[in-house]
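This report describes one protein model in plain terms. It goes from the whole chain to single residues.

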Amino acid sequence: MVISRTTPQNSLHRVIFVDSHVHISLNGKNPRDWRRLLAEGNYEPIVKILSLYKSKNIMMLRDGGDNFGASLAAREIAGRMGIIYKTPGWAIYKKGRYGSFLGKPVADIADFKSMFCELLKAKPDHLKVILTGIVDFRSYGQFGGISFSYEELYYMIQQAKEKELPVMVHANSSAAVKMAIEAGADTIEHGYFITDEELQMMAERDVIWVPTLSPLGNILENRDFRYRYQNQIQIIKKVFNEHLATVKKAIELGVKIAIGSDSGSFGVYHSRGFFDEVRHIKKCGISENQIFKMAFENGLKALNIKPSELKSIHQNNKEF
Ligand SMILES: [Zn+2]
């Protein structure tokens with residue numbers, strides 16, 4: 001791709017990429033070793049990964065959080081490399097439910113209040129709330145249930161808004177996504193098993209959806225995973241195809257979709273993941289150019305990128 005300093009504003013989406021959902025605290029294959037390495041304070045692997053992102057012109061990233069400061073460290077390193085890196089610090093999850101490796105637990109609103117004070121000290125770029133579990137490959141339609149009540153979720157989101165922080169909600173199922181939209185979420189992450197009603201709501205309220213097709217799409221494409229997921233492949237296929245059809249419908253309805261690969265989750269590798277996600281979304285019949293446009297325009301919104309930040313990318317990287 002030819003890049004010049006004079007790249008016009010309206011074709012920036014072809015040269016600068018935004019991955020709206022990554023996890024630097026995971027590496028796609030051996031999370032335990034990876035996390036141990038980073039937890040020891042060895043950030044060389046983060047530098048390597050960020051260099052990979054940069055080499056592919058993925059200059060803006062949004063992390064989903066972790067419980068040991070990896071994404072906060074990544075933000076600092078990224079800043080020195082001219083990459084814009086947004087992190088919630090750590091995600092908030094309900095005590096006893098899914099999310100322990102991505103965040104810190106809260107039992108109730110009182111608990112959240114003190115946790116939020118602590119979180120603000122880390123200067124988060126957004127609040128990340130984990131509202132449900134993840135798609136269960138063993139049993140169709142299962143996602144681990146909804147962790148917070150509407151009142152709890154609403155309260156957390158309002159607190160974030162008071163501090164002018166956008167809110168990223170990890171949610172699967174129609175009920176959970178509906179609840180997140182009604183409570184004021186800015187972006188919905190994953191959103192498996194949703195219906196037309198939630199799509200309409202997202203379109204009307206200008207909520208951004210990050211469908212993260214790659215964790216399932218890569219399993220289906222990659223033969224190495226055949227053994228691991230042998231008994232579950234039919235379910236994965238069904239869920240993936242339904243999700244893809246929902247993405248297609250969402251685009252028709254005017255839902256703003258951002259491209260988030262979920263890089264770091266099993267089988268999704270940093271930097272390549274962005275292009276995996278583009279390839280999977282392409283399967284619903286839209287052009288690559290349109291996908292890059294969505295990735296860029298809705299990515300800027302999802303990451304809450306200010307004009308001055310975009311300008312800094314230009315200035316720090318003279319090739320754009
Ligand atoms: Zn994620």
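In what follows, Lys and Arg count as positive and Asp and Glu as negative, while His and the chain ends are not counted. The place of a charge is taken as NZ of Lys, CZ of Arg, CG of Asp or CD of Glu. By this count the protein has 43 positive and 35 negative side chains, and the centres of the two sets lie 5 Å apart.

The model is predicted: local features need pLDDT of at least 70, and side-chain atom pairs count only at pLDDT 80 or more, whereas totals for chains, interfaces and linings use all residues. Residues are numbered from 1 along each chain as its sequence is written, and side-chain values use heavy atoms, with hydrogens and water left out.

## The whole protein

The protein holds 12 helices and 10 strands. Both are DSSP runs numbered from the N terminus (helices: H or I, at least four residues; strands: E, at least two). The protein is as compact as a globular protein of 320 residues, because its radius of gyration of 18 Å is close to the 20 Å that the globule rule gives for that length. The radius is taken over C-alpha atoms, and the rule is 2.2 Å times the number of residues to the power 0.38. Along the principal axes, the C-alpha atoms fill a box of roughly 50 × 45 × 40 Å.

Of the 320 residues, 56% are buried. Here buried means under 20% relative accessible area, exposed means over 50%, and partly exposed lies in between (1.4 Å probe, protein chains only). The accessible surface of the protein comes to about 13,800 Å², and carbon and sulfur atoms account for 50% of that area. Areas come from the Shrake-Rupley method with a 1.4 Å probe; for residues, only the protein chains shown count as cover.

A contact means heavy atoms within 4.5 Å. Among contacts between residues at least 6 apart in sequence, 69% join residues at least 24 apart.

## Aromatic rings

A pair of aromatic rings is described by the distance of the centres and the angle of the planes. Rings of Phe, Tyr and Trp (its six-membered ring) pair if their centres lie within 6.5 Å; planes under 30 degrees apart count as stacked, over 60 as edge-to-face and the rest as tilted. The count by this rule is 11 aromatic pairs. One of them joins Y98 and F101, with 6.0 Å from centre to centre and 80° between the planes, an edge-to-face arrangement. Y98 is partly exposed at 24% relative accessible area, and F101 is partly exposed at 28%.

What is the arrangement of the rings of F274 and F275? Their planes stand at 85° and their centres are 5.1 Å apart, so this pair is edge-to-face. F274 is buried, with 0% relative accessibility, while F275 is partly exposed at 28%. F274 and F275 also belong to a cluster linked by ring pairs, together with F17 and F292.

Most residues other than glycine have a negative phi, and most peptide bonds are trans.

| Residue | Phi | Relative accessible area |
|---|---|---|
| H190 | near 75° | 7%, buried |
| D262 | near 65° | 9%, buried |

H190 lies in strand 8 (residues 187-190). D262 is placed in the loop between strand 10 (256-257) and helix 10 (272-282).

## Single residues and their surroundings

H270 is also found in the loop between strand 10 and helix 10. Is H270 buried or exposed? H270 counts as buried, at 6% relative accessibility. Although H270 and G28 are 242 residues apart along the chain, their C-alpha atoms are separated by 7.8 Å. Beyond neighbours within four places in sequence, H270 has contacts that include V22, H23, I24, Y53 and S263.

I146 sits in the loop between strand 6 (127-130) and helix 5 (150-162). I146 is partly exposed, with a relative accessible area of 29%.

E197 belongs to helix 7 (residues 196-205) and is partly exposed at 41% relative accessibility. E197 and I83 are 114 residues apart in sequence, and their C-alpha atoms are 37 Å apart in space.
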